[in-house]
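User: I've got a new structure to look at and could use a hand. Can you walk me through it?

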Amino acid sequence: MSALSRRHLVTMAAGIAAAAAVPRAVFAQAPAAAPAAAPAAAGPFVLPPLTYPTNALEPHIDAKTMEIHHDRHHQAYVTNLNNLAKTNPQLGSSAIINVLGNLNALNDDIKFAVRNNLGGHANHTMFWEIMAPNGGKPEGEVLAAIDKDLGGLEKFQTDFNAAGGRQFGSGWVFVTVTKEGKLAIETRPNQDNPIMDGKRALMGNDVWEHAYYLNYQNRRADYLKAWWNTVNWSKIAERYAAAKAGTLEV
Ligand SMILES: [Fe+2]
């Protein structure tokens, strides 16, 4: 069972605005108008706090975008999951990787909502974690894997940005990692996550418009390029080691 799914008794942080949107609403692109605020639903799912201030990634990602993205969009996925868990308590007591890796085991009436909202929760939890101000550069085993599997850092970044740019509509561009430490660039639509295909994401960038539209408008390519300044390479090194040890979750 993951640490995230164990947090049954953790109270939602007071004052965090939440959007009690129906699952279908998570597909909506909401670059400027945030979802309507509503009280957070108490339950087993918890919004992980940012470990840096919302303005820490400026000028590459502005504070308002971080605030709306984390406090409203990610909170909406968490709120939706807690509402789903009221009638499906097994969701809150199961490891996220087990649920996302076995979506077909879910009843049809919740499968779509779980895919979107638990996928969104997993994706964004990873996303906040792998960013930081002054995140350094890839080193050691991660750099060696980038050189071996992705053609070196410069080619990797060019190919990753191109893949993120090609993702039509909303979605993510990931680097997946195997237990042997092999890397690959892969995209997913909506809030899908490589866990759904039995894989693990080492890192990833959110190419939903809500991730960049306030500052970059339609210039996704500029956002993808600037985003590299926010990457937390020491955290990615930790995730790489965890992937090889078989302990990487979301
Ligand atoms: Fe997002």
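Analyst: One term before the tour: a residue is buried under 20% relative accessible area, exposed over 50%, and partly exposed in between (1.4 Å probe, protein chains only). This is a predicted model, so local features need pLDDT of at least 70 and side-chain atom pairs pLDDT 80 or more, while totals for chains, interfaces and linings use all residues. Residues are numbered from 1 along each chain as its sequence is written, and side-chain values use heavy atoms, leaving out hydrogens and water.

User: What coordinates the iron ion?

Analyst: His69 (NE2), His124 (NE2), Asp206 (OD) and His210 (NE2) do, at 1.9 to 2.1 Å. Donors are N, O and S atoms within 2.8 Å of the metal (3.2 Å for Na, K and Ca), and water is not among the atoms, so sites may look incomplete. Along the sequence, the donor residues follow the spacing H-x54-H-x81-D-x3-H.

User: Where do His124 and His210 sit in the chain?

Analyst: His124 is in helix α4 (residues 108-129), and His210 is in the loop between β3 (201-206) and α7 (213-216). They are 86 residues apart, so this pair links distant parts of the chain.

User: Are those two buried or exposed?

Analyst: His124 counts as buried because its relative accessibility is 0%. His210 is buried too, at 5%.

User: Why is the arrangement around the iron ion irregular?

Analyst: The 4 donor atoms subtend angles of 91 to 138 degrees, which makes it irregular. Four donors are tetrahedral if all angles lie between 85 and 135 degrees; four are square planar and six octahedral if opposite donors are over 155 degrees apart and all others between 65 and 115; anything else is irregular.

User: Switching topic: in what order do the strands sit in the sheet?

Analyst: The order is β2-β1-β3, in an open sheet with antiparallel pairing. Strands pair if DSSP finds at least two bridges between them. β2 (183-189) and β3 are the edge strands, each pairing on one side only. From one strand to the next, the twist averages 20 degrees.

User: How many bridges join β1 and β2?

Analyst: Strand β1 (residues 171-177) pairs with β2 over 7 bridges. Phe174 stands opposite Glu186 in β2.

User: Which helix lies across β1, β2 and β3?

Analyst: Helix α9 (residues 233-245), running at about 140 degrees to β3. Axes are lines fitted to C-alpha atoms, for helices over the stretch in contact, with angles from 0 to 180 degrees between N-to-C directions.

User: Is Asn134 buried or exposed?

Analyst: Exposed, because its relative accessible area is 79%. Asn190 has a positive phi as well, near 55 degrees; Asn190 is in the loop between β2 and β3 and is partly exposed at 24% relative accessibility.

Note on methods
Helices (H or I, at least four residues) and strands (E, at least two) are DSSP runs, numbered from the N terminus. Contact means heavy atoms within 4.5 Å.
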